[in-house]
Amino acid sequence: MSAIYSLQQISLSYPQQRQRTQVLQDISLELAPGELVGIIGPNGAGKSSLLSLLSGCPAPDSGKLLFAGKSLASIPLRQLARQLAFLPQHNPPLTGLSCYQVAALGLLPHKSWFEPDNDYDRQQVLLALSQTGLLEKQQQPVESLSGGEWQRLTLARALVQQASVLLLDEPTNHLDVKHQHQLLQLLLQLKKTVICAIHDLDLAARYCHTLLLLDQGKVRAFGRPDQVLQPALLSEVFELPVAVSQHPQYGWWQVQFISPQVAL
Ligand SMILES: Nc1ncnc2c1ncn2[C@@H]1O[C@H](COP(=O)(O)OP(=O)(O)OP(=O)(O)O)[C@@H](O)[C@H]1O
């Protein structure tokens, strides 16, 4: 199956004072369609920067970035918005709208100016609110949502967008345990290409088909969870002793970092 994303020797830097800081270095990999891919790595490793790059902005300094075989930069924005949805870590605040209205913003790439919503559109919005557990809150003003509810609402908006690719920056970070599992199960059931930055390595191991371990802007490992979650590598990258084991009953990989005091 041909790759949904192909990255060839991608590098990215940001301007900082009079210099440029290198954030991603020489990244080459291919992402298969229909997979749940987890980007893991310490703070500042470049996870959000990579997701932004995959969304089309910013463009890489060098290298080739292909989306479904075409140069990502050559795809018109509106066309791209129908194919991919990006949920950054920090969303611009929205006020004065209900949950329903925010979820319905996902319809915009499919509409012309002033085109009213039809029954199908309304069904899509209600389905997404239901999938994210927010149906009962559809009339609630967004300002009054909790952090986790707001996070689920941004996913609802992305689902309404009906993009085949979801780029999610730490989609579980405000969610309680039940909602973390529900969200990841939903992402698996959607059978879309989902690429998400995620800090919880146990959740990543359990739900992601593929993991990408970034450290200081470089790919340290890329493959199945059991290939990537190597204790020596994790210990070096996260600078903590670590134990990796398999759940005796379910076979899931589990990662336990050991606090330095215990290790001494
Ligand atoms: N717009 C910017 N201008 C300058 N530097 C930036 C900019 N955005 C990110 N950086 C820097 O790039 C590096 C990578 O940041 P990025 O947000 O991609 O890391 P991350 O792996 O997502 O981190 P975290 O786990 O903390 O969210 C960091 O050192 C950050 O300070």
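Student: Of the 13 residues around the ligand, which come nearest?

Tutor: Two points on the source come before the answer. The model is predicted, so local features need pLDDT of at least 70 and side-chain atom pairs count only at pLDDT 80 or more, while totals for chains, interfaces and linings use all residues. Residue numbers start from 1 along each chain as its sequence is written.

Tyr 14, Asn 43, Lys 47, Ser 48 and Ser 49 come nearest to the ligand; a residue is near a molecule if its C-beta atom, placed from the backbone, lies within 6 Å of it. Three elements, β1 (5–16), β2 (19–31) and α1 (47–55), each supply at least two residues of this shell. The largest share, three residues, comes from α1. Helices (H or I, at least four residues) and strands (E, at least two) are DSSP runs, numbered from the N terminus.

Leaving out residues up to four places away in sequence, Ile 39 touches Lys 47, Leu 50, Ile 195, Cys 196, Ala 197, Leu 212 and Leu 214; contact requires C-beta atoms, placed from the backbone, within 7 Å. Ile 39 is, with Ala 103, Ala 156 and Leu 167, among the residues that touch the most other members of the largest nonpolar core, which has 67 residues. Such a core is a set of buried Ala, Val, Leu, Ile, Met, Phe, Trp, Tyr and Cys residues joined through C-beta atoms within 7 Å. The largest share of this core, six residues, comes from α5. In soluble globular proteins, nonpolar side chains tend to be buried together.

Ten of its 14 residues are buried, among them Leu 155, Ala 156 and Leu 159. Buried means 20 or more other C-beta atoms within 10 Å of a residue's own, exposed means 12 or fewer, and partly exposed is in between, with C-beta atoms placed from the backbone. At 1.5 Å a residue, α5 should span 20 Å, and its end C-alpha atoms are 20 Å apart, which agrees; the expected span is 1.5 Å times one less than the number of residues. Just after α5, Gln 162 takes a positive phi of about 55 degrees.

Two of the covering elements deserve a further look. In α4, the buried residues are Gln 124, Val 125, Ala 128 and Leu 129. Seen down the helix axis, they fall within an arc of 130 degrees, so they line one face of α4; the arc is that of the directions from the axis to the C-beta atoms.

In β7 (residues 165–169) lies Val 165. Val 165 counts as buried because it has 21 C-beta neighbours inside 10 Å. Its contacts, not counting residues up to four places away in sequence, are Ile 4, Gln 83, Leu 84, Lys 192 and Thr 193.

Technical notes:
Contact = placed C-beta atoms within 7 Å.
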